[in-house]
Amino acid sequence: RDERGRSTNTERAYLADVVDLSQFCQQRGIDDLAAVDLTVLRSWLAQASGSGLSRATIARRAASARAFTAWCTRTRRVEVDPGHRLVSPRVGGRLPTVLDPEQARQLLEFAGRHDGSPTAIRDHAILEVLYGSGMRVAELCGVDVDDVDSGARNIRVLGKGNKERMVPYGVPAQRAIDAWLLVRGDMATDSERALFVGQRGRRIDPRVARSVVTRISDAAGVPVIAPHAIRHSAATHVLEGGADLRSVQELLGHANLATTQRYTHVSVERLRATFQQAHPRSGN
């Protein structure tokens, strides 16, 4: 957090990994940092792999261990860094889950046919803003009322590494925000600055926002998704609509263009599936 500007979620994940490593060592009678060598670290990762954790999680665990042992070495708790030669498993290039445009429309229209309660109006606005801006769920939960520029239809977002960016959104999201702001006072405490609040009137927790997306997508009859799938969908649809990669990179707040390029792969895969289904000489 202090040295690399990592997010709270990353900090929490790295800490949990190091605690798990500590418990692994204790179970094997290792109570001295100097005894934590490369073999111990590899055994720890092997146990995680055997328990069914994904390659991405194991790769993160390896990164957590390397960060920890490097810190131990730098602060002279150990003389030699055992994590220096710890290799992360290669994470496969799994394509992100996306809704097609019709499914996205179905989801948002379903959310808009609510019972008029403040919670339902809020949930509709959450979905519209997530899809209309492509922001991360943690970014959405961090937005304050004053961050929304309704005239320009922009939202000031604080992304990964505490990097600030302006994210545009469309008319449907603006209508949903306007409707929510009319009833927000029924839920929010007087001093709360957050745009979206929970049942207790305080800033909404990302877990609550995730449950909103999962619940409504299930009820809407589309694939059950998490908020990140809405972000993936928005990015894919913008690219398919003709946006260039650099613009989408700026929209999503990606530090590396290669991260944004994943969405071109999604579009190509969709094109390939359409071709194989429809072209008379596709080989089917």
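In which kind of crossing, left-handed or right-handed, does helix 2 pass helix 3?

## About the model

This is a predicted model, in which local features need pLDDT of at least 70 and side-chain atom pairs count only at pLDDT 80 or more, while totals for chains, interfaces and linings use all residues. Residues are numbered from 1 along each chain as its sequence is written, and side-chain values use heavy atoms, with hydrogens and water left out.

## Helices 2 and 3

Two packed helices are described by the angle between their axes and the distance between the axes. Helix 2 (residues 38-50) and helix 3 (residues 55-74) pack at an angle of about 155°, and their axes lie 10 Å apart; here axes are lines fitted to C-alpha atoms over the stretch in contact, and angles run from 0 to 180 degrees between N-to-C directions. Helices are DSSP runs of H or I with at least four residues, strands are runs of E with at least two, and both are numbered from the N terminus. Helix 2 is therefore roughly antiparallel to helix 3, a term used for angles over 145 degrees.

The crossing of helix 2 past helix 3 is right-handed, meaning that the near helix is turned clockwise from the far one by less than a right angle. On the helix 2 side, Leu41, Trp44, Leu45, Ala48 and Ser49 meet Ile58, Arg61, Ala62, Ala65 and Thr69 of helix 3, where contact means heavy atoms within 4.5 Å. Sorted by class, this contact of helix 2 with helix 3 has 7 nonpolar, 2 polar and 1 charged residues; Ala, Val, Leu, Ile, Met, Phe, Trp, Tyr, Cys and Pro count as nonpolar, Asp, Glu, Lys and Arg as charged, and the others, Gly among them, as polar.

## The sheet

An open sheet is formed by 3 strands in the order 1-2-3, with antiparallel pairing, and two strands pair if DSSP finds at least two bridges between them. Strand 2 (residues 154-158) is joined to strand 3 by 5 bridges, and Arg156 has Met166 in strand 3 as its bridge partner.

Leaving aside residues up to four places away in sequence, Gly142 touches Asp147 and Arg203, while Asp144 touches Arg193, Ala194, Leu195 and Arg203.

Methods
Parallel < 35°, antiparallel > 145°, perpendicular 65-115°, else oblique.
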